[in-house]
Amino acid sequence: MMRNRKPRGFVSLRRKISAAILGITLLALFLELTLSVWPILHSYRRDAKDKALALAALTAASTVAALEFDDPKAAEENLAALRLVPSVTGAAVYTAGGTLFASWGTVPPFTAADRPLIETRLDDLTVSRPIPPAGRGGVLRITLSLRDQWDILLRDLGLAALILLAVFAVCVKVSRRVRRNLSEPLTRLARAVAGISRDKDYTRRVERESDDEIGQLVSEFNTMLAKIQEHETWLAGQQDLLEGLVAQRTYQLQCSTMELERKNLQLHREIQAREKAEMIREEVERINRHDLKSALNLVIGYPDLLLREGGLSEEQRDHVKRIRAAGYRMLDMIRTHLDIFKMEKGLYTLRQRDVDLVEIVCDLEEELTPLLRGQGVSMRITLDGEEVRGDEAFIVSGEMPLLRAMLRNLLQNAVEASTAGDAVLVRLESSPRRQVSVSNSQAVPREIRKRIFEKYVTHGKEGGTGLGTYFAALVARTHGANIVCRTDDATGTSMIVVFRDETHKAAISAG
């Protein structure tokens, strides 16, 4: 049988009990020794004070005559008599004004005193006593050494140390017996616990040998073992049940995994079919856009040809320009149809170049001239508060077709919403942030103000699709710009596009 290895730093209970008994004993003896020092020192110093006061009274009485007759020699003889007292180290007589009159030994400094005073220090004390003022009056100062207190203290400490050693020896013998009576039952219990823990045999029990707290501890330990044995039996049954449940769940998991793999395969096939259908749809749209562009080339080309040949009335020229403008709008719609889908999905990649917004707005003003005339609406374009002449530049980084389509939608909506005599104002501003705004005098209907940039939102507009502001907002966000609508019944409506400084650059110059 292998013995349990004791962990590092292990201290047996026997040693702890011995250490506790001896430690408490030593502490008590040390405290007793420490507390006994104070009475010794206090008694010695009290006797020294009484002795000093008595000497001062006797010497002061014998020095009155010498001080009265101004006889320093007689005073010194009186002071010299103090050498018979071994503890006196010095004395002095001072006049009332603090002048040294007579001295012996180490001269204590002057201190005025109208009554007996004692100055106590660690190794000496000085007593001051006034000399009766029958004549001149004065002060007597006597210094006594207290060094004898240390000799007395060392003698008493030596005796106490011998007593301490004797008491300590007795305590050692007593502690061994007490340690044996206290630790043996606990040691047997500890060995039994170690054996049960090692062998996992919870049927064993520890024999109770006493009726004290240790015996109660043994009884409680046996009760705990009985409960552990009962719990182990229950755990064994639950483990068998759990193993059966695990086997059942494993089978169900395998079935679920097979079903999931089958559904994943089916889903993969459906995804492939949808991807193929999407490719076919894109190809059909590409073909349709190509065919529509080919047909629109005639719709756009013939109006240009008719305008160049001339011979048309002013009304005819307006009609031809409207046909041309409608053709360009249709061409832009064909070009941007797929781009809208990609922008909605976040898949569109901008082809950024420097774009002059002044040029685009001026072109759109000419393109929308028939609509402006038909509505009876005028258009003003300003750059930083100044009217645009046409040779200025307002450069931003972006994709020209998309920015043109965005501004066309905003301008066309503003013109169509205006009434005869109104003016549509286009403001290009470079500070504090680069922005373009389109304003008209009419307010957006309350029913759609909060949803103005949502898809298919329109109100009271014949033939309206609700895609103009949606597409403008989509283009603005794709360019990293902010678009907001400010509208109320008093000031009308302003659509404002604010470009970000970190993603766009602008330059303003005059030609």
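1. Arg-449 is partly exposed in this predicted model, with a relative accessible area of 22%. Arg-449 forms a salt bridge with Asp-489, and the closest N and O atoms are 3.0 Å apart. Arg-449 lies in the loop between strand E11 (435-440) and helix H9 (468-478), while Asp-489 lies in the loop between strand E12 (482-488) and strand E13 (492-498), so the pair ties together parts that are 40 residues apart in sequence. Asp-489 is exposed, with a relative accessible area of 55%.

2. Another salt bridge joins Arg-351 and Glu-399, with 2.8 Å between the closest N and O atoms. This pair links distant parts of the chain, 48 residues apart. Arg-351 is in the loop between helix H5 (314-345) and strand E6 (353-356), and Glu-399 is in the loop between strand E9 (392-398) and helix H8 (400-417). Arg-351 is partly exposed, at a relative accessible area of 46%. Glu-399 is buried, at 6%.

3. Within helix H4 (residues 213-309), Arg-262 and Glu-259 are three residues apart, a separation of about one helical turn. An α-helix has 3.6 residues a turn, so residues three or four places apart point the same way. The side chains of Arg-262 and Glu-259 meet in a salt bridge of 2.4 Å, N to O. Arg-262 counts as partly exposed, with 46% relative accessibility, and Glu-259 also counts as partly exposed, with 32%.

4. The whole structure contains 14 salt bridges according to the search. Side chains of opposite charge can pair when their charged atoms come close. Glu-119, Arg-121, Asp-124 and Arg-141 are linked in a network of such bridges.

5. Five strands make an open sheet in the order E2-E1-E5-E4-E3, and the pairing is antiparallel. Strand E2 (100-105) and strand E3 (117-120) stand at the edges with a single partner strand each, so one side of each has no neighbour in the sheet. On average, neighbouring strands of this sheet are turned by 15 degrees against each other, direction ignored.

6. Strand E4 (residues 124-131) and strand E5 (residues 138-145) run antiparallel and are joined by eight bridges. Asp-124 has Ser-145 as its bridge partner in E5. Asp-124 also belongs to the salt-bridge network with Glu-119, Arg-121 and Arg-141.

7. Which strands does H2 touch where it packs on the sheet? The contacts are with strand E1 (88-95), E2 and E5, and the direction of H2 makes about 30 degrees with that of E2.

8. Helix H2 (residues 72-80) has Ala-75, Leu-79 and Ala-80 buried. Seen down the axis of H2, the buried residues fall within an arc of 140 degrees, so they line one face of the helix. Lys-73 and Glu-77, on the other side of H2, are exposed.

9. On confidence, the chain has an average pLDDT of 81, and 86% of the residues score at least 70. Over residues 502-511, pLDDT stays under 50. The model has 29 contacts beyond four places in sequence for residues 502-511. Where pLDDT is low, the predicted coordinates should not be read in detail.

Conventions:
Residues are numbered from 1 along each chain as its sequence is written. This is a predicted model: local features need pLDDT of at least 70, side-chain atom pairs count only at pLDDT 80 or more; totals for chains, interfaces and linings use all residues. Side-chain values use heavy atoms; hydrogens and water are left out. Buried means under 20% relative accessible area, exposed over 50%, partly exposed in between (1.4 Å probe, protein chains only). Helices (H or I, at least four residues) and strands (E, at least two) are DSSP runs, numbered from the N terminus. The arc is that of the directions from the helix axis to the C-beta atoms. A salt bridge is a side-chain nitrogen of Lys or Arg within 4 Å of a carboxyl oxygen of Asp or Glu. pLDDT is the predictor's confidence in each residue, from 0 to 100. Contact means heavy atoms within 4.5 Å. Two strands pair if DSSP finds at least two bridges between them. Axes are lines fitted to C-alpha atoms, for helices over the stretch in contact, and angles run from 0 to 180 degrees between N-to-C directions.
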